[in-house]
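Please go through the briefing below with the sequence and the 3D structure at hand. The points are grouped by topic.

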Amino acid sequence: MKRILPKHTDHPDISQSLILALKLQYALYFQGTGREFIGLLFLILMGFLIVYKFFNQPTFIPAVLPEITSSPDEATEQESPYIINPLSHTGWQPYLVATGETLSQIFQKAGLSSETWQEMRQLDQQTQRYISQISPGQIINIDSKNGQLIALTQSLDPIRTLYIIRKQDGTLSNFIHEKEVEKRMTFNSANIEDSLFLAGKRANIDDGILKQLADIFGCIIDFAHDIQPNDHFKVLYEEHFVGDQKINNGNILAIEFHNNGKMHQAIRYEDPDGKVGYYAPNGMSLKRAFLRTPVNFSRISSYFNSQRHHPILHTLRAHNGVDYVAPRGTPVKAVAEGTISYQGRKGGYGKTLILEHGHKRSTLYAHLSGFAKNIRPGQKIGQGQIIGYVGSTGLATGAHLHFEFRVDGQHRNPLTISLPHSDPIPMPQRPLFLAQASELMGLLEYHEKIMMASNEH
Ligand SMILES: [Zn+2]
C-alpha cells in the first residue's frame, strides 16, 4: 500500500524573525548610536545564526509527519479502485446535520435507497461508531447516482475526515484522510501584575500553555503563594496549524521565568527513548522527586504543627499535615512516584489514600470526595498522576485536602522537608542537550529583543 508522503514543513516565521533581527542590527549599526562595535558583533552573531539555522533546521524542529491511519490504495486516477477520485472529487452535495438528526434520516433526504443503509452496516465497527456519532452543525458531503451512494465524507475533527466510497467492484470501502499538521513556533512574554492567569490572558497566552508552565516550574515555584507583582516570563512554544487555522497548542520548548528577583529557565528535552522532561540549561532536572503541592492553585488553611494537644488549655493541637483548601472535586495529584498502600475510609480522615515512595517515605491524602478511576491498592502511581478529588469526607468542616508526609513513620512538615532532585540529563546525551539548550535560549533572547524593538516604534 502506498503512503502519502508529507511535504517538508519549513518555518518561514523563523527566517522572517531572523531577517527582522538583521534589519534591527543593521539599523543600530548605521545610526551611529555609539555602540557600533557591539552592533557589529551582534551582526556577525546573527549572520552565524542564520547560516546555522538554514543548514540545521530539521534538527531544531523536526518536520511534522502527519499520521495517516489508512489511505486510498491508489490515489492515481488510472489505477484507482474507486468509482471516483475521493480527494479531488467535486460533485458533493453538502448536508448540514440538524439537532437530533441521524445519518439514516440524511440518507432519506439525499434520496438514497434503503439498501445503502444496509450496506453501511457492513462496514467495520469503528466506522459504524463514527457514522452513528454525527452531531448538529456537522456537514456530511454525499454524492449519489440513481439512489445509490457513490461517496460520503464526514469530518471527524479539524484534522481527520472519514471517506466512505464505492469501489469499482460495487462494494463500499472506507478510509480516514488526515490533513497535514504544521508546528509553528511562537514567542510570547508577559508581566504579572496580579495572577499568572490574568497576565496570560492580557498577553494572549492560552490557559493550556500556562498550565504547562505551572507544571514545568511546579517543584520550584509555588504558583499559589510565591507569585509577586512584576514577576515576568518569556516563552517559546509550538502551535499546531492546519493551513491557516490554529488547531491547538503544542509544547513549551523553552521558558524563562523571573520570580521574586530569581531567574528560572527550562528547556524541553526528549531523550532517545521518547521520554520528555524539562531541564535547566545546564542539564539539571527541574523536577524534584516530590512535587511541592498535591493540589494546583489551592490555598493553605492550616500548617504543620507538631505541638501536642494540651490537656488543660485545650488550645494547642498537633496538626500532622498541611490543609489545602480547594473546591470539591479539584484533582489531587501524587506528589511522587509510589505504590498505593492504603485506599479506603479511615476514621476522621474519611476517604484516604496512602502512597509508599521507598526509602521509608510515605504520603497521605485525606477527606477525598472520591478516588481516581482505575486505581487500586498495590498499584504503582506516577508523579503528578491524579489519585483522587478534594472533598470533605470524615471530620472536615469544608472541602479541603489534608496532606501528610511521613519518614520512617514520623510526621514531617511537607513544606520544609528537603527533598532530592530527579536525575539530570545522562552524560552521553549532554552534548546534544547543551546544543539544543543554547540554541533555544538564544532564540528566546532575540525574539524578546525583536518584540521590544517593535514596541519602541
Ligand atoms: Zn488537616
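β2 and strand β3 (residues 148–155) run antiparallel and are joined by six bridges. Strands here are DSSP runs of E with at least two residues, helices are runs of H or I with at least four, and both are numbered from the N terminus. Two strands count as paired if DSSP finds at least two bridges between them. This is a predicted model, in which local features need pLDDT of at least 70 and side-chain atom pairs count only at pLDDT 80 or more, while totals for chains, interfaces and linings use all residues. Residue numbers start from 1 along each chain as its sequence is written.

**β2, β3 and their turns**

- β2 and β3 make a hairpin with two residues between them, and Asn146 in the turn has a positive phi of about 50 degrees.
- β3 is largely enclosed by the rest of the structure, because six of its eight residues are buried; a residue is buried if 20 or more other C-beta atoms, placed from the backbone, lie within 10 Å of its own, exposed if 12 or fewer, and partly exposed in between.
- On to strand β4 (residues 160–166), β3 pairs in the antiparallel sense over five bridges.
- Thr161 in β4 is the bridge partner of Ser155.
- The hairpin from β3 to β4 runs through four residues.

**The sheet β1 to β5**

- β2 and β3 belong to an open sheet of five strands, ordered β1-β2-β3-β4-β5 with antiparallel pairing.
- Its edge strands, β1 and β5 (172–178), each pair on one side only.
- Direction ignored, neighbouring strands of this sheet are turned by 20 degrees against each other on average; axes are lines fitted to C-alpha atoms, for helices over the stretch in contact, and angles run from 0 to 180 degrees between N-to-C directions.
- Strand β1 (residues 93–96) pairs with strand β2 (residues 139–145) in the antiparallel sense over four bridges, and Tyr95 stands opposite Ile140 in β2.

**The sheet β6 to β10**

- Another open sheet has five strands in the order β6-β7-β8-β9-β10, with antiparallel pairing.
- β6 (182–191) and β10 (276–279) are the edge strands, each pairing on one side only.
- β6 and strand β7 (residues 232–242) pair in the antiparallel sense over 10 bridges, and Lys183 stands opposite His240 in β7.

**Helix α7 on the sheet**

- Helix α7 (residues 207–216) lies across β7, β8 (245–259), β9 (262–270) and β10, and runs at about 35 degrees to β8.
- Ile209, Leu210, Gln212, Leu213 and Ile216 are the buried residues of α7.
- Seen down the axis of α7, these buried residues fall within an arc of 155 degrees, so they line one face of the helix; the arc is that of the directions from the helix axis to the C-beta atoms.
- The buried residues of α7 pack against α6 (196–202), β7, β8, β9 and β10.

**The chain as a whole**

- The protein chain has eight helices and 21 strands.
- Of its 457 residues, 26% count as buried.
- Among contacts in the protein chain with a separation of 6 or more, 63% are between residues 24 or more positions apart; two residues are in contact if their C-beta atoms, placed from the backbone, lie within 7 Å.
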